[in-house]
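Please take a moment to look over the chain below before reading on. The paragraphs that follow go through it part by part.

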Amino acid sequence: MKNENNKSLIKGKAPLKKKIILIMLGSIVGFLNGFFGGGGGMICVPTLEKGLGLNNKQAHATAIAVIFPLSLVSCVIYIFKGSIESLPLLTVGLGVLVGGIAGSFALKFIPSKTLRIIFAVIMLIGGIRLLI
């Protein structure tokens with residue numbers, strides 16, 4: 001039954017209440033991505049898994065597709081505000097580009113359980129670093 005509901009949600013035939021909740025969660029993801037300059041995927045992936053019933057790999061791939069345009073919009077806003085230095089943008093940006101391409105190809109080969117563990121460890125390390 002749950003799988004059937006998730007398929008109808010993905011096709012756009014979900015109950016209005018569920019659509020509103022997902023739009024609100026999407027707004028939170030967008031806000032966090034714009035506010036922190038990234039990181040919205042940490043909320044987006046679990047939302048896609050729990051809210052839409054996507055598997056790990058689908059959730060990660062969809063989160064990337066969602067976060068990319070959000071990041072571009074945030075970047076343009078930061079550029080117009082004069083908040084971006086060109087040297088870090090070029091050097092770090094090159095590394096992010098190479099790493100993003102490698103990561104997207106690696107996603108195909110990493111087992112779902114391993115992906116879940118890697119994601120959890122990264123979230124845990126990030127949380128600990130924020131507290132220290």
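Asn55 caps the N-terminal end of helix H4, where a side-chain oxygen lies 3.1 Å from the backbone nitrogen of Lys57. This is a predicted model, in which local features need pLDDT of at least 70 and side-chain atom pairs count only at pLDDT 80 or more, while totals for chains, interfaces and linings use all residues. Residues are numbered from 1 along each chain as its sequence is written, and side-chain values use heavy atoms, with hydrogens and water left out.

Helix H4 covers residues 56-80, and its 25 residues reach 36 Å from the first C-alpha to the last, close to the 36 Å expected at 1.5 Å a residue (the expected span being 1.5 Å times one less than the number of residues). In H4, the residues Asn56, Ala59, His60, Ala63, Ile67 and Ser74 are buried, where buried means under 20% relative accessible area, exposed means over 50%, and partly exposed lies in between, with a 1.4 Å probe and protein chains only. The cover over these buried residues includes helix H2 (16-36), H3, helix H5 (86-109) and H6. Just after H4, Gly82 takes a positive phi of about 75°.

Seen as a whole, the protein chain has 6 helices and 0 strands, both taken as DSSP runs numbered from the N terminus (helices are H or I with at least four residues, strands are E with at least two). Buried residues make up 20% of its 132 residues. Among contacts (heavy atoms within 4.5 Å) between residues at least 6 apart in sequence, 60% join residues at least 24 apart.

The structure holds 1 salt bridge, a term for a side-chain nitrogen of Lys or Arg within 4 Å of a carboxyl oxygen of Asp or Glu. Glu49 forms this bridge with Arg116, their closest N and O atoms being 3.7 Å apart. The pair links distant parts of the chain, since Glu49 sits in helix H3 (residues 41-52) and Arg116 in helix H6 (residues 112-131), 67 residues apart. Glu49 counts as buried because its relative accessibility is 12%, whereas Arg116, at 44%, counts as partly exposed.

Ile43, which is placed in helix H3, is partly exposed because its relative accessible area is 32%.

Technical notes:
A polar contact is a pair of N or O atoms within 3.5 Å; within protein, one must be able to donate a hydrogen and the other to accept it, and residues adjacent in sequence count only if both atoms are side-chain atoms.
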